[in-house]
Amino acid sequence: MRVSFEVNGRQLAADVWEGESLLYVLRERLGLWGSKNACEQGECGSCSVLLDGQLVCACLVLAAAADGSRVRTVEGMEADRVGRAVQEAMVEAGGVQCGFCTPGFVVSIADLLSKDPHPGVLAVREALAGNICRCTGYVRIFEAVQKAASRL
Amino acid sequence: MPRPDAPAKVRGAFDFASDLRAEGMLYGRTVRSPHPHAVVRRIDTAAAAALPGVRAVLTAADVPGKPFYGLDKVRDQPVLVGVGETVRYAGEAIAVVAADHPEQARAAAAAVAVDYEVLEPLTDPVQALAQGSSLRNLVIRRGNPEAVAEVVVKGFYEVGQQDQAPLGPEAGLAIPDGEGGVDLWIATQALHVDLRQVADALALPPERCRLRLAGVGGAFGAREDLSMQIHGCLLALRTGRPVKMWYGRDESFVGHVHRHPAWMWYEHGADREGNLVYVRATIVLDGGAYASSSHAVVANAAIFGCGPYRVPNVLMWCGAARTNHVPNGAMRGFGAVQSCFAHESQMDRLAAAVGISPLEIRLRNAMRSGDRLITGQVVSGAAPVADLIRRCAELPLPPPAEGRMALPGGAGNLAEAADISRGEGWALGYKNIAYSEGSDDYATARVRLERRNGHAVALVKTAAAEVGQGLVTVCQQIARTELGVEEVELEPADTLIGDAGSSSASRQTWMTGGAVREAARLVAEEVLKRAGPPGRGLAGGQVVDDEGAPLAPLALLLDEPIEREFEHHHRQTGKLDEDGQGDAHVSFMFVAQRAVVDVDPEAGLARVAQVATVQDVGLAINPLQVHGQIEGAVAQGVGLATMEEIQTREGLIRNASFTDYLLPTAVDMPEIVSELVEEAEPDAPYGAKGVGEPPLIASPAAICAAMRAASGRELCRIPVRPEELSGVSETKPPRELIPGQPPA
């Protein structure tokens with residue numbers, strides 16, 4: 001079947017098998033490899049994208065169900081100042097080690113800061129509880145959130 | 001200085017192994033045994049091969065070279081288990097398929113018909129060792145193994161099986177070169193270690209298998225052993241097309257080794273002041289079905305099994321059982337994590353028996369530079385253990401938990417602040433750096449200095465694996481420092497240069513960092529030779545004199561580029577003798593930690609409020625990355641102490657997913673207060689020790705001690721389970737063993 005989405009401002013379409021997830025289609029069909037495939041069960045958040053403005057795990061969304069939607073992936077984060085601020089802060093604060101979780105965190109943090117530009121410590125932890133990082137112990141990621149917030 | 005790969009990683013533009021693709025690529029899939037112990041009687045691939053899109057179905061009969069692989073000198077793991085051969089763990093590979101679409105590959109794998117004669121699995125490691133099913137037994141005897149003491153404490157301790165859980169799945173892309181050879185892009189910790197096994201299995205000379213590092217999504221030991229390397233190459237060579245394989249999370253749990261679970265019986269003797277007189281201990285590790293790195297894990301668990309203390313008399317027995325479980329092998333901390341939980345729990349018992357504080361008992365026995373390990377080896381480098389303890393004790397304690405989210409049970413809204421008790425626990429840990437027991441440990445680096453658009457550029461090439469730890473930053477820093485140039489490019493890591501060894505054992509800053517430094521110094525020497533006197537050094541892109549004053553731009557001397565290669569070996573280590581005595585290690589790193597934990601003793605819930613950690617790091621080359629390593633390692637320690645455990649019943653893993661295998665999230669993470677003690681290590685390049693492992697050695701023990709203090713329970717097992725923390729149940733030893741004696 002054929003599905004089409006607006007991805008990061010561009011209209012894209014792909015022929016897919018009915019069982020393919022949005023994550024699979026973004027990666028293998030549309031060449032957007034930024035969203036990652038760590039658990040494919042909605043636990044780790046490494047495939048976080050915004051679907052019509054909602055933060056979702058792309059591995060849990062059927063591509064067919066997302067037909068006609070607006071999708072923003074990590075590749076589209078540079079397009080606004082919140083996304084750019086988060087990316088810069090993650091680099092500067094040392095929030096990146098292996099980087100596999102990083103795209104998901106960038107999307108989740110940008111989503112948080114676009115709704116709550118100055119979140120408290122516990123609010124940050126709660127907002128990011130759906131993203132697992134195995135390298136950093138989160139400390140420098142929390143710092144990155146505050147650093148990005150201070151620049152917005 | 002930010003990591004060079006971070007900008008691409010935050011944009012989603014960094015290619016991990018699972019992101020790779022090639023024209024005409026097929027998808028590979030593995031057929032795995034559902035039984036932990038069985039003989040394969042028949043494999044029928046016809047139905048699978050006839051399915052749409054299927055391009056190849058391969059079995060053991062299709063392996064052209066050596067049918068076994070493995071890390072140890074004894075390669076004992078079948079590439080594929082063939083007809084008439086024995087499956088030794090559930091998840092072992094029987095066949096591999098390649099198809100046009102991953103779903104077609106999945107269907108084909110399911111259609112491979114395998115008949116098994118199911119056998120009884122051996123799942124009890126104590127019983128396995130008692131009947132001689134062992135991967136290694138090691139005894140350490142020092143002083144008088146039968147020494148007696150006035151104060152004696154005994155205990156049994158157990159450590160569950162931890163998964164490294166790197167977020168990046170096992171993945172790689174094999175591309176045939178059209179001439180019978182293959183290029184494999186792979187997420188690994190050690191390209192050359194993989195290469196030797198892959199080339200042997202493919203019956204190819206190593207130069208016709210080129211392994212190239214793909215982006216690695218974390219490792220922590222999980223990528224020391226092979227996963228899809230040989231399988232992917234077999235499929236690519238058979239089909240003549242690129243083949244990509246990546247494991248789903250469920251497959252990953254059987255697709256890599258885990259941390260050895262441990263059962264430990266300890267007895268400590270001391271005088272009335274708490275000075276250690278003897279330690280006797282038996283450590284049983286479950287090695288699983290194949291050797292992997294059990295040999296070295298046994299050594300570490302035993303050698304570091306008394307902690308960083310002066311112990312005059314020791315009898316230590318440590319063995320890894322061969323069972324029908326998924327093989328266990330390398331994970332960050334590598335044996336020292338398990339025994340640390342036991343020896344630190346014992347030190348607390350001893351402190352209580354003597355009537356002094358946990359802090360005081362540790363200070364009284366703390367190892368110093370010049371002291372001997374229980375193997376007789378003198379600690380010749382820095383060992384500032386007492387200093388670590390004192391500085392850790394001075395770090396600020398956390399304020400009381402505020403708000404429901406900060407209480408045990410968090411968002412579950414379970415705890416009342418009034419019911420919470422807070423406990424404090426201590427632990428010290430230590431471990432070696434780099435390879436041991438006589439291995440010729442070395443790393444190779446090539447540094448090239450050339451002129452580009454009028455200025456000097458350095459290129460650094462090694463085969464060392466960047467797995468997230470930040471080696472790329474360190475190599476760049478070193479080249480900048482030695483050559484005085486701003487622009488340093490890291491060339492791709494591959495097997496077209498000599499071996500760098502594994503990104504393991506906290507060794508790459510020392511080993512590959514050292515190789516880069518020496519290669520860069522050889523380049524600098526040639527630059528200065530070209531410059532002639534009074535040129536004495538390189539800085540800011542200039543040749544400078546004794547005073548640091550610029551003499552001439554470096555770039556002017558580079559009409560011909562300069563390239564030098566260096567192979568850096570560390571000091572030779574020795575083997576252990578029959579009493580477990582010998583200089584097996586090159587250097588040691590130490591850590592002291594204090595954990596503060598809030599416990600709801602009725603619900604059996606805990607929240608780690610703070611971990612204070614002071615670590616001996618030698619000199620820190622990149623403090624931001626050093627702290628990042630420490631924080632990440634503490635997080636994995638929080639996991640092991642409170643939630644992370646692979647649950648296996650009758651040889652089958654029951655929780656092979658991130659839904660059922662719990663990992664610490666942002667809300668579980670304690671505050672981390674971290675300080676470095678920087679004392680230059682004599683042998684180490686720039687005086688820098690390794691960093692990544694020690695915090696994970698000590699933190700599970702410190703956290704469990706804090707939970708004991710808060711709850712008053714014995715808690716002899718990690719991860720601590722709610723039913724034990726609340727006192728509903730208690731862990732008992734699987735049988736009574738005499739500390740120091742093997743299971744009989």
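**Exercise 1. Two domains of chain B**

The C-alpha centres of domain 1 of chain B and domain 3 of chain B lie 36 Å apart. Find which elements of domain 1 of chain B each supply at least two residues of the side that touches domain 3 of chain B, and sort the residues of that side by class.

*Solution.* Keep in mind that you are working with a predicted model.

Step 1: In the domain assignment, domain 1 of chain B covers 6-120 + 165-255, domain 2 covers 258-435 + 578-725, and domain 3 covers 442-569.

Step 2: Look for the contact. Here 16 residues of domain 1 of chain B meet 15 residues of domain 3 of chain B.

Step 3: Look at the elements. On the domain 1 side, α5 (191-202) and β13 (209-213) of chain B each supply at least two residues.

Step 4: Sort by class. The side of domain 1 of chain B that touches domain 3 of chain B has 8 nonpolar, 5 polar and 3 charged residues.

**Exercise 2. The overall form of chain B**

Work out whether the radius of gyration of chain B agrees with or departs from that of a compact globule.

*Solution.* Chain B has 16 helices and 33 strands.

Step 1: Along the principal axes, the C-alpha atoms of chain B fill a box of roughly 80 × 75 × 55 Å.

Step 2: Compare. A compact globule of 744 residues would have a radius of gyration near 27 Å, and chain B has 26 Å, so the value agrees.

**Exercise 3. Helix α2(A) and its partners**

Decide how α2(A) is oriented to α3(A) and to α5(A), and name the residues where α2(A) meets α3(A) and α5(A).

*Solution.* Step 1: Start with α3(A). The axes of α2 (residues 81-93) and α3 (residues 102-115) of chain A come within 9 Å and cross at roughly 130 degrees. Because of that angle, α2(A) is oblique to α3(A).

Step 1: The crossing of α2(A) with α3(A) is right-handed.

Step 2: Find the residues. From α2(A) come V82(A), G83(A), V86(A), Q87(A) and M90(A), and they meet T102(A), V106(A), I109(A), A110(A), L113(A) and S114(A) of α3(A). By class, this contact has 7 nonpolar, 4 polar and no charged residues.

Step 3: Turn to α5(A). The axes of α2(A) and α5(A) are 8 Å apart, and the helices pack at an angle of about 135 degrees. These two helices are therefore oblique to each other. Their crossing is right-handed.

Step 4: Find the residues again. A85(A), V86(A), A89(A), M90(A), E92(A) and A93(A) of α2(A) make the contact with R140(A), E143(A), A144(A), K147(A) and A148(A) of α5(A). This contact divides into 7 nonpolar, no polar and 4 charged residues.

**Exercise 4. Inside chain A**

Name the strand that gives the most to the side of domain 1 of chain A that touches domain 2 of chain A.

*Solution.* Step 1: Divide the chain. Domain 1 of chain A is 2-75 and domain 2 is 80-150. Their C-alpha centres lie 21 Å apart.

Step 1: Count the contact. Domain 1 of chain A gives 13 residues and domain 2 of chain A gives 11.

Step 2: Find the strand. Strand β3 (residues 48-51) of chain A gives the most to the domain 1 side, with 3 residues. That side divides into 7 nonpolar, 5 polar and 1 charged.

**Exercise 5. Backbone details**

Locate the residues P534(B), P719(B) and E40(A).

*Solution.* Step 1: P533(B) and P534(B) are joined by a cis peptide bond, with omega about 5 degrees. P534(B) sits in the loop between α13 (508-531) and β24 (537-539) of chain B.

Step 1: A cis peptide bond also joins I718(B) and P719(B), with omega about 0 degrees. Look for P719(B) in the loop between β33 (717-718) and α16 (722-725) of chain B.

Step 2: E40(A), a residue other than glycine, has a positive phi near 50 degrees. Its place is the loop between α1 (22-29) and β3 of chain A.

Note on methods:
Residues numbered from 1 in each chain as written. Chains lettered and ligands numbered in written order. Predicted model: local features only at pLDDT ≥ 70, side-chain atom pairs only at ≥ 80, totals over all residues. Axes fitted to C-alpha atoms, helices over the stretch in contact; angles between N-to-C directions. Helix = DSSP H or I, 4+ residues; strand = E, 2+ residues; numbered from the N terminus. Parallel < 35°, antiparallel > 145°, perpendicular 65-115°, else oblique. Left-handed = near helix turned anticlockwise from the far one by under 90°. Contact = placed C-beta atoms within 7 Å. Nonpolar A, V, L, I, M, F, W, Y, C, P; charged D, E, K, R; others polar. Domains from an automatic or database assignment. Rg over C-alpha atoms; globule rule 2.2 N^0.38 Å.
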